Amino acid sequence: MSYVCQQCKEPLQLDASLVDLAPSAYDMIVASLPSVPASRTRYVTNSEAEKIAQLPSPSASKAAWQHATPVENSRASPPLSTRAQGKQPQRNFPAPNESFVLLQESMIRSIPSPVPGAAMPKKATLGTQKNFPAKSTSPLLANQQPEPDHSNPTPISHHLRSTMRLFNVLSTRSDIDHPLCAECTQILLSSLQRQLDETKKERDGYIAFEKEVRKERERESLDLSRQDAEKKIERLKYDERAAIEQLRLADKEREQLDEELKLLEAEEKVLEEEEAEFWRSHNEHLLVLAEQASRLASLRAAYAADYATLEKLERTNVYNDAFCIGHDGVFGTINGLRLGRVPGVPVEWPEINAAWGQTLLLLYTIARKLDYTFENYRLIPMGSFSRIERIVGDKATYELYGSGDLHLGRLLHNRRFDFAMVAFLECLKQLIDFVKSQDSTVEFPHQIVKDKIGEASVKLQFSQEEAWTRALRHVLLALKIVLKWTTNGGNG
């Protein structure tokens with residue numbers, strides 16, 4: 001026989017304590033259950049009365065049995081509810097608290113085999129011992145061969161019926177069907193605990209209400225005099241007037257606060273509009289600021305690039321690149337062109353004339369940069385055919401180039417060439433004097449006196465070529481000093 005939980009309908013496995021439930025334990029469990037109403041304690045069904053009436057026993061025994069049955073039923077088998085009656089078995093078996101002895105299977109196996117004729121009396125003795133005392137037995141009953149009592153249950157079936165009856169009793173005296181599994185029992189305990197807490201809260205509420213009622217009754221029970229009552233009424237009326245006045249003041253203050261609130265809300269709305277306008281203007285300014293910052297960054301980058309280019313250009317001396325003055329042996333050179341002649345080293349006159357053209361152009365450029373005007377002379381740079389004009393007196397023009405042709409005109413041309421070189425030296429002397437007047441720290445290694453510079457004459461006629469070449473080298477050196485002072489910003 002299997003049991004299922006009456007809530008979740010899952011199969012159950014009973015505990016060993018329920019399988020071997022002793023009568024004393026059964027009585028203890030039944031006694032601990034809540035009692036049933038008095039209307040059910042003395043209840044005997046009509047079927048039981050009819051069975052008692054049909055028994056072939058004396059009327060005195062039947063009366064004693066009917067007198068004892070209600071007490072026993074009230075203790076052991078109360079009437080069942082409709083839910084529990086459907087679980088009752090069809091046969092009525094004796095309750096487990098009735099007096100009998102059960103032999104375990106191990107004890108039965110240990111009993112020796114009796115004489116076949118003596119087995120039945122022993123069994124009858126055991127069967128009669130169930131309902132009657134041992135002293136009521138007699139030899140006559142011992143010698144009789146009673147029929148075997150097939151209604152005696154086996155131990156296992158008896159325990160099952162006992163357990164089933166226990167479950168029926170539990171279901172009858174409570175609102176929960178039994179048996180229950182561990183999970184459903186835990187849920188049931190939680191629900192009962194919650195009901196218990198709610199009942200305790202309700203009880204506490206009733207207790208507090210009861211205390212209030214008692215206090216009210218005690219206050220009502222006090223006999224106040226008429227004068228005290230009138231004083232109390234006057235005091236209450238005064239309190240009422242004060243409360244009404246406070247309420248009126250509070251209403252007036254509330255109205256004032258409502259007006260202030262309306263004004264504040266209007267002011268808040270205006271401020272919100274101003275704030276929105278401010279943020280719009282702020283965002284526009286931020287956009288303009290970002291654009292200007294971008295433009296400023298671009299301008300700064302362009303400025304940095306231009307400044308770097310300017311520094312590079314400032315470090316670059318275009319005059320040194322345009323007029324590179326150096327030397328080649330005993331010759332002074334300008335832009336790689338030798339100026340002068342020496343025996344053994346033939347220098348063509350076109351090279352010399354081109355060198356003089358570059359020299360005159362350099363002097364003209366320096367004077368123009370310094371915004372200086374020569375006295376009595378005007379320079380005309382024309383490359384290999386440059387000239388110098390005299391602007392006072394006869395206003396003659398001197399060619400600053402020579403020729404190697406052997407004819408009478410060459411002598412006259414060389415004479416004019418010498419005048420041109422002397423005029424160039426005079427212009428150089430004027431420029432040197434101007435530089436010294438601007439900066440007294442500038443020093444020149446060779447002095448210019450008439451047609452000589454550093455004791456060497458610039459005239460080619462009636463002069464040695466070595467001395468003429470040395471004088472031209474001194475001229476280029478003086479021009480280089482003046483050019484360095486001019487390009488280094490020494491003139492301010």
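The side chains of Glu-245 and Arg-248 come together in a salt bridge, with N and O 2.2 Å apart; the term stands for a side-chain nitrogen of Lys or Arg within 4 Å of a carboxyl oxygen of Asp or Glu. Because Glu-245 and Arg-248 are three residues apart in helix α12 (residues 226-315), they are separated by about one helical turn. Helices here are DSSP runs of H or I with at least four residues, strands are runs of E with at least two, and both are numbered from the N terminus.

Glu-245 is partly exposed at 35% relative accessibility, and Arg-248 is partly exposed with a relative accessible area of 45%. In these terms buried means under 20% relative accessible area, exposed means over 50%, and partly exposed lies in between, for a 1.4 Å probe and protein chains only.

## About the model

This is a predicted model, in which local features need pLDDT of at least 70 and side-chain atom pairs count only at pLDDT 80 or more, while totals for chains, interfaces and linings use all residues. Residues are numbered from 1 along each chain as its sequence is written, and side-chain values use heavy atoms, with hydrogens and water left out.

## Other salt bridges

The structure holds 10 salt bridges, and one of them joins Lys-429 to Asp-433, whose closest N and O atoms are 3.3 Å apart. These residues are four apart in helix α15 (residues 408-438), so about one helical turn separates Lys-429 from Asp-433. Lys-429 is partly exposed, with a relative accessible area of 29%, and Asp-433 is partly exposed as well, with 38%.

## The sheet β6-β7-β8

Three strands form an open sheet in the order β6-β7-β8, with antiparallel pairing; two strands pair if DSSP finds at least two bridges between them. The edges are held by β6 (377-380) and β8 (397-399), each of which has a single partner strand, so one side of each is left without a neighbour in the sheet. On average, neighbouring strands of this sheet are turned by 20° against each other, direction ignored, where axes are lines fitted to C-alpha atoms, for helices over the stretch in contact, and angles run from 0 to 180 degrees between N-to-C directions.

Four bridges pair β6 with strand β7 (residues 387-390) in the antiparallel sense, and Arg-378 stands opposite Glu-389 in β7. The side chains of Arg-378 and Glu-389 also meet in a salt bridge of 2.3 Å, N to O, which links distant parts of the chain, as Arg-378 in strand β6 and Glu-389 in strand β7 are 11 residues apart. Helix α14 (residues 349-369) lies across β6 and β7, running at about 120° to β6.

## The sheet β3-β4-β5

Another open sheet has three strands in the order β3-β4-β5, again with antiparallel pairing, and its edge strands are β3 and β5 (337-339), each pairing on one side only. Neighbouring strands of this sheet are turned by 40° against each other on average, direction ignored. Helix α14 packs on this sheet and touches β3, β4 and β5, its direction making about 90° with that of β5; contact means heavy atoms within 4.5 Å.

Strand β3 (residues 325-328) is joined by four bridges to strand β4 (residues 331-334), and the partners in β4 are Gly-332 for His-327 and Phe-331 for Asp-328. The hairpin of β3 and β4 has two residues between the strands, and there Gly-329 takes a positive phi near 70°.
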